[in-house]
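Here are some notes on this model, for checking against the coordinates.

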Amino acid sequence: MADVARLAGVSSQTVSRVSNGYAGVTEETRQQVLAAMKELGYRPNSAARALKRGEFRTIGVITFSLATTGNVRTLEAIATSAASEGYAVTLLPVAVPTQDEVRGAFSRLEELAVDAVIVIMEVHLLDAATLKLPPHVQVVVVDSDAGDHYTVVDTDQAGGTRAAVRHLLDLGHDTVWHLGGPEGSFAAQRRTDAWRRTLAEAGRTPPPLVRGDWTAESGYRAGLELAARKECTAVFAANDQMALGLMRALHERDRRVPEDVSVIGFDDIAEAGSFLPPLTTVHQDFAEVGRLCVQAVLRKMRQDGPERGTTLVPTRLVTRASTAAPPR
């Protein structure tokens, strides 16, 4: 640092302020210091800085799956938001969502020196009596039914489902069939419950639930079953990939979308507008979920935020060409 200060013609304190990103340094001086750092190959010692500050500027992320669109996009948003706050992200995938695996993941993250942890936990686990997160670690949970015990950030699953089902009913469909996600998923359960509740509020009897596993292949298999039911004129799929497989099955069975069967998805993936026909779906704001997770965990680290409770990020229905009035 003294060498950098000598070459740049400034004090060591100014070099410290520049390397730590503090204000109070003119742009001209900052550029002089950065040029001197580059010329001398100077890099701040992150370990020394961590010992001095008592923080590592790193957020750990535990996730049980990188195979779903929601988890991947949420992780991307967390990494982007953390970087904008000057934090790095350490990712730790967990193969099996059990108490022992979660406890082991926290132990490994502590060894890797993180300041706090965000848990992307789609599966029903935190509401089980067997699982408890370490009390001494600052934790924010994504996509879970654990708001009474932890700080949780989630998409408004119920609100998005209600908008999708109401849209189909308003078009004139007698009822709405549901292609649900896997049984162990919190998000899938929230959407299934809201589907049933919305139909009941409208005085309609929910048809039998058909389940998939989030993949287009499972949507295709379910679609073959639904295509055989001539009384099925509208389907709400729990995600866009299953909706894609569903539409392929309907096409192969000569059930036109939307003339014979209307289809709605959930997520609004980047390709949804390029489906044939373009898919009506529920948009999730994954960027906002990630931003709120990072903000919540930073507030907890600074001890100026709520210890528990759920923050819901609103959804919105994106109407495209895959929905229409039922056939006469």
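The points below start with the basis of the values and then go through the local features.

1. Basis. The model is predicted: local features need pLDDT of at least 70, side-chain atom pairs count only at pLDDT 80 or more, and totals for chains, interfaces and linings use all residues. Residues are numbered from 1 along each chain as its sequence is written, and side-chain values use heavy atoms, with hydrogens and water left out.

2. Helix α8, length. Helices (H or I, at least four residues) and strands (E, at least two) are DSSP runs, numbered from the N terminus. Helix α8 covers residues 186-201, and its 16 residues should span 22 Å at 1.5 Å a residue; the expected span is 1.5 Å times one less than the number of residues. The end C-alpha atoms of α8 are 22 Å apart, which agrees.

3. Helix α8, ends. Gly203, with a positive phi near 75 degrees, follows α8.

4. Helix α8, buried side. Buried means under 20% relative accessible area, exposed over 50%, and partly exposed in between (1.4 Å probe, protein chains only). The buried residues of α8 include Phe186, Arg191, Trp195 and Leu199. Among the elements that cover the buried residues are β5 (151-155), α7 (157-170) and β9 (262-267), where contact means heavy atoms within 4.5 Å.

5. Cis peptide bonds. The bond from Val257 to Pro258 is cis, with omega near 10 degrees; Pro258 sits in the loop between α10 (240-252) and β9. The bond from Leu276 to Pro277 is also cis, with omega near -5 degrees, and Pro277 belongs to the loop between β9 and β10 (280-283).

6. Asp267, in strand β9, has phi near 130 degrees. Asp267 is buried, at 5% relative accessible area. Asp268, in the loop between β9 and β10, has a positive phi of about 60 degrees and counts as buried at 11% relative accessibility.

7. Leu66. Leu66 lies in the loop between β1 (58-63) and α5 (69-84). Its relative accessibility is 42%, so Leu66 counts as partly exposed.
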